[in-house]
Amino acid sequence: METKKVVVIGGSGLVGQYIIKQLLNDKSVNYQVTSFDLTANSLSHSVIGDITNIAQLTEALENVEICIHCASPRTGLGKEIYFKVNVEGTRNVVDACKSVGVKKLIFTSSASVVYNGQHLLNANEDLPHCDIHLDAYNETKSIAEKLVLEANDPASGFLTIALRPAGIFGPGDLQASYSVYKAAKEGKYKYMVGENKTLFDMTFVGNVAHAHVLCCKNLNAENSGQAYNITNDEPIYW
Ligand code: NAD
């Protein structure tokens, strides 16, 4: 069976853990998975490191074929941390991948790169990034996505892609699902703002992870260098 070495940056987070489980459960490829994160996890070999430190990153990416980058600070923090991790950290990821000869870089972007409060129905990947973003998290995800896609270079054998989930939910989610649970527990479900017609796209975490696994298998010179919106289908777990 074919063996592929993969590093999952952000492997201890919600999406990262699902990606690792799905890769390890894949019976068609022998994925040798390492997580690179600020914290360790029990699913795979873990390297504790910070993407703002390019030396740590470069060492972790030696002899690796595929790099999945799904690390980001959680929402609701200060502007400085998003620029440091999402912009400078992602630039380090791109540079480190190129310097050690990683072949595929799969980046978890966000649907919010095209959203600044306007109604979006049946939106597709033709929409441009916003000129003005809702906040620093969204602005820095947009800059990071551009950095990753501009680095796509099939001629030299370096392929990149960006995946854009919307709000992610599912077992283990301590952000969106937990805030709904907390609001309900505090009795806040009794109030309604507006006419209850507002739509919001949520993506099941297992399907988000599955999109990354599909990229590990199918990313090629024809489909690289582009962003793809990730929506739901039947839920996929492991
Ligand atoms: P998460 O917070 O559960 O996981 C992120 C992981 O990144 C954490 O384990 C954290 O320790 C790690 N990390 C943060 N800074 C780091 C650094 N400097 N160096 C190394 N590791 C670092 O987040 P998640 O929900 O799993 O999100 C995964 C990705 O999906 C992120 O890129 C996020 O922007 C994107 N995304 C999330 C949502 C959502 O609703 N959760 C929606 C759209 C896009």
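Visitor: Leaving aside its neighbours within four places in sequence, which residues is threonine 108 in contact with?

Guide: This is a predicted model, and in it threonine 108 is in contact with His69, Cys70, Lys141, Leu163, Pro165 and His212, once the neighbours within four places in sequence are set aside. Threonine 108 itself lies in strand β5, which covers residues 104-108, and its side chain makes a polar contact of 2.9 Å with the side chain of histidine 212.

Visitor: Does threonine 108 count as buried or exposed, and why?

Guide: The term rests on relative accessible area, where buried means under 20% and exposed means over 50%. Threonine 108 has a relative accessibility of 8%, and therefore counts as buried.

Visitor: Where is alanine 155 found, and is this residue buried or exposed?

Guide: Alanine 155 is found in the loop between α4 and β6, the latter being residues 159-165. Because its relative accessible area is 81%, alanine 155 is exposed.

Visitor: What span should helix α1 have, going by its number of residues?

Guide: The expected span is 1.5 Å times one less than the number of residues. Helix α1 has twelve residues, 14-25, so it should span 16 Å, and the 17 Å between its end C-alpha atoms agrees with that.

Visitor: Which residues of α1 are buried, and what do they pack against?

Guide: The buried residues in α1 are Val15, Gly16, Tyr18, Ile19, Ile20, Gln22 and Leu23. They pack against the strands β1 (3-9), β2 (30-37), β4 (66-69) and β7 (167-169), and also against helix α6 (205-218).

Visitor: How many residues surround the ligand, and which are the closest?

Guide: The ligand is surrounded by 24 residues, of which the closest are Val15, Asp37, Asp50, Tyr137 and Lys141. Sorted by class, this shell has eleven nonpolar, ten polar and three charged residues.

Visitor: Which atoms of the ligand lie 3.1 Å from glycine 13, 2.6 Å from aspartate 37 and 3.0 Å from isoleucine 51?

Guide: For glycine 13, an oxygen atom of the ligand lies 3.1 Å from a backbone N or O atom. For aspartate 37, an oxygen atom of the ligand is 2.6 Å from a side-chain N or O atom, and for isoleucine 51 a nitrogen atom of the ligand lies 3.0 Å from a backbone N or O atom. Of the 830 Å² of accessible area that the ligand has on its own, the protein covers 86%.

Methods: Residues are numbered from 1 along each chain as its sequence is written. This is a predicted model: local features need pLDDT of at least 70, side-chain atom pairs count only at pLDDT 80 or more; totals for chains, interfaces and linings use all residues. Side-chain values use heavy atoms; hydrogens and water are left out. Helices (H or I, at least four residues) and strands (E, at least two) are DSSP runs, numbered from the N terminus. Buried means under 20% relative accessible area, exposed over 50%, partly exposed in between (1.4 Å probe, protein chains only). Contact means heavy atoms within 4.5 Å. A residue is near a molecule or strand if one of its heavy atoms lies within 4 Å of it. A polar contact is a pair of N or O atoms within 3.5 Å; within protein, one must be able to donate a hydrogen and the other to accept it, and residues adjacent in sequence count only if both atoms are side-chain atoms. Accessible areas come from the Shrake-Rupley method with a 1.4 Å probe; for residues, only the protein chains shown count as cover. Ala, Val, Leu, Ile, Met, Phe, Trp, Tyr, Cys and Pro count as nonpolar, Asp, Glu, Lys and Arg as charged, and the others, Gly among them, as polar.
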